[in-house]
Amino acid sequence: MKTLNRFCVFTLLAAYAIQTPALSLAPEEFNASRKMACVMAQQELGQLSEDEYGERSHTVLEGFDEVERDNILAQAIGYYGGLLFSKTADNTEQNAALKLEQFVSSSTCSGDFRAVTLNL
């Protein structure tokens, strides 16, 4: 199943890359792409059912037009793919799952993307 998911992700990425001439994101689209990457990571880890995945995806993409949705998905897929397939010394499926778990538990996926800490 995971191989099928990866194949679908790459197919979608290729389709969006062909249709999207430039990937320039507004702040709202950037935040949505981060949220979408979190949803995709949770799905890969088995933390979401198919219905929950669809519901959360729809919620993240709601309010954006088709071109904006394409940009959001392309950026999210790129980030998600980078997590899964980045070069490491121990490039195993277990290592990929660990990276996804760390990403899902990080502040990026905490739900409040406005929380910022400044050190002066």
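Arg34 is partly exposed, with a relative accessible area of 25%. Arg34 lies in helix α2. The model is predicted. Its protein chain has five helices and zero strands. Helix α2 packs against helix α3 at an angle of about 175°. The largest nonpolar core has 23 residues.

**Overall fold**

- From the N terminus on, the order of elements in the protein chain is α-α-α-α-α.
- The protein chain has 120 residues, and 32% of them count as buried.

**Packing of α2 and α3**

- Two packed helices are described by the angle between their axes and the distance between the axes.
- Helix α2 spans residues 27-44, and helix α3 spans residues 50-61. Their axes are 10 Å apart, at an angle of about 175°.
- Because angles over 145 degrees count as roughly antiparallel, α2 is roughly antiparallel to α3.
- On the α2 side, the contact is made by Ala32, Lys35, Met36, Val39, Met40, Gln42 and Gln43.
- On the α3 side, Tyr53, Arg56, Ser57 and Val60 make the contact.
- By class, this contact of α2 with α3 has six nonpolar, three polar and two charged residues.

**Residues of helix α2**

- The C-alpha atoms of Arg34 and Gln75 are separated by 8.2 Å. Along the chain, Arg34 and Gln75 are 41 residues apart.
- Lys35 is also found in helix α2. With a relative accessible area of 35%, Lys35 is partly exposed.
- Lys35 and Ser57 are 22 residues apart along the chain. Their C-alpha atoms are separated by 8.9 Å. Both residues belong to the contact of α2 with α3.
- Gln42 is found in helix α2. Gln42 counts as buried because its relative accessibility is 17%, and the cut-off for buried is under 20%.
- Not counting residues up to four places away in sequence, Gln42 touches Gln47, Leu48, Arg56 and Val104. One of these, Arg56, is among the α3 residues in the contact with α2.

**A residue of helix α3**

- Thr59 is found in helix α3. Thr59 is exposed, with a relative accessible area of 52%. The cut-off for exposed is over 50%.
- The C-alpha atoms of Thr59 and Lys35 are separated by 10.0 Å. Thr59 and Lys35 are 24 residues apart along the chain.

- In soluble globular proteins, nonpolar side chains tend to be buried together.
- Within the largest nonpolar core, Met36, Met40, Ile72, Leu100 and Phe103 touch the most other members. Met36 and Met40 also take part in the contact of α2 with α3.
- At least two residues of this core come from each of α2, α3, α4 (66-85) and α5 (93-105).
- Leaving aside neighbours within four places in sequence, Leu100 is in contact with Ala41, Glu44, Leu45, Tyr80, Leu83 and Leu84.

**A residue of helix α5**

- Lys99 lies in helix α5. Lys99 is buried, with a relative accessible area of 14%.
- Lys99 and Leu84 are 7.4 Å apart in space, C-alpha to C-alpha. In sequence, Lys99 and Leu84 are 15 residues apart. Leu84 is also one of the residues in contact with Leu100.

Technical notes. Residues are numbered from 1 along each chain as its sequence is written. This is a predicted model: local features need pLDDT of at least 70, side-chain atom pairs count only at pLDDT 80 or more; totals for chains, interfaces and linings use all residues. Side-chain values use heavy atoms; hydrogens and water are left out. Axes are lines fitted to C-alpha atoms, for helices over the stretch in contact, and angles run from 0 to 180 degrees between N-to-C directions. Helices (H or I, at least four residues) and strands (E, at least two) are DSSP runs, numbered from the N terminus. Angles under 35 degrees count as roughly parallel, over 145 as roughly antiparallel, 65 to 115 as roughly perpendicular and the rest as oblique. Contact means heavy atoms within 4.5 Å. Ala, Val, Leu, Ile, Met, Phe, Trp, Tyr, Cys and Pro count as nonpolar, Asp, Glu, Lys and Arg as charged, and the others, Gly among them, as polar. Buried means under 20% relative accessible area, exposed over 50%, partly exposed in between (1.4 Å probe, protein chains only). A nonpolar core is a set of buried Ala, Val, Leu, Ile, Met, Phe, Trp, Tyr and Cys residues joined through side-chain atoms within 4.5 Å.
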